[in-house]
Amino acid sequence: MSEETSVLIKKNLSAFDRVGSYNQDQINGFDEAFLNQFLQFISLNNAQHGLDAMAGNGNLTHRMMSYCHHHNIKLPSFTLLEYSSVQTELARTTFNEANVNIINGDVLTMSDRISQQALAANYFDRV
């Protein structure tokens, strides 16, 4: 990431739509130790349907999928819900798996921003 982009992100968090790709874990303050502990805590070994709310480009879902593959865990289905249309499109370029549903949506209304269709209630067992 260029220094100019880094400064823009620090000045205006809504700038993510303009700059596109960035290191979400770094911006959110998540280090490797925290992420590894998180993956163990959410117990993916018996998950069926996961929701990555405010998913950005899908980096957390990608990490969860890698964790499942590495630990021979049956892969749950994932829904990525992201408000930013730019980040949603970045996520769409990352995933081609049938079990990943990417929605340009609003976490406050739990609905698709384009169709206004609400996500199914009580569907997710990991959020």
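Helices α4 and α5 pack against each other in this predicted model, with an angle of about 60° and their axes 11 Å apart. As for handedness, α4 goes past α5 in a right-handed crossing. If you want to find the contact on screen, look on the α4 side for E32, L35, N36, F38, L39 and Q40. Their partners in α5 are L60, R63, M64 and Y67. Sorted by class, that contact is made of six nonpolar, two polar and two charged residues.

Here are the elements with their residue ranges:

| Element | Residues |
|---|---|
| Helix α4 | residues 32-41 |
| Helix α5 | residues 59-70 |
| Strand β1 | residues 49-53 |
| Strand β2 | residues 77-82 |

Now for the strands. β1 and β2 run in the parallel sense, paired over five bridges. One spot to check is H49, which sits opposite S77 in β2. Strand β2 is mostly covered, with five of its six residues buried.

Zooming out, the chain has six helices and four strands. Walk along the sequence and you get the order α-α-α-α-β-α-β-α-β-β. There are 127 residues in the chain, and 38% of them count as buried. What share of the contacts with a separation of 6 or more comes from residues 24 or more positions apart? That share is 56%.

Notes:
Residues numbered from 1 in each chain as written. Predicted model: local features only at pLDDT ≥ 70, side-chain atom pairs only at ≥ 80, totals over all residues. Heavy atoms only, no water. Axes fitted to C-alpha atoms, helices over the stretch in contact; angles between N-to-C directions. Helix = DSSP H or I, 4+ residues; strand = E, 2+ residues; numbered from the N terminus. Left-handed = near helix turned anticlockwise from the far one by under 90°. Contact = heavy atoms within 4.5 Å. Nonpolar A, V, L, I, M, F, W, Y, C, P; charged D, E, K, R; others polar. Buried < 20%, exposed > 50% of the residue type's maximum accessible area, 1.4 Å probe, protein only. Pairing = 2+ DSSP bridges.
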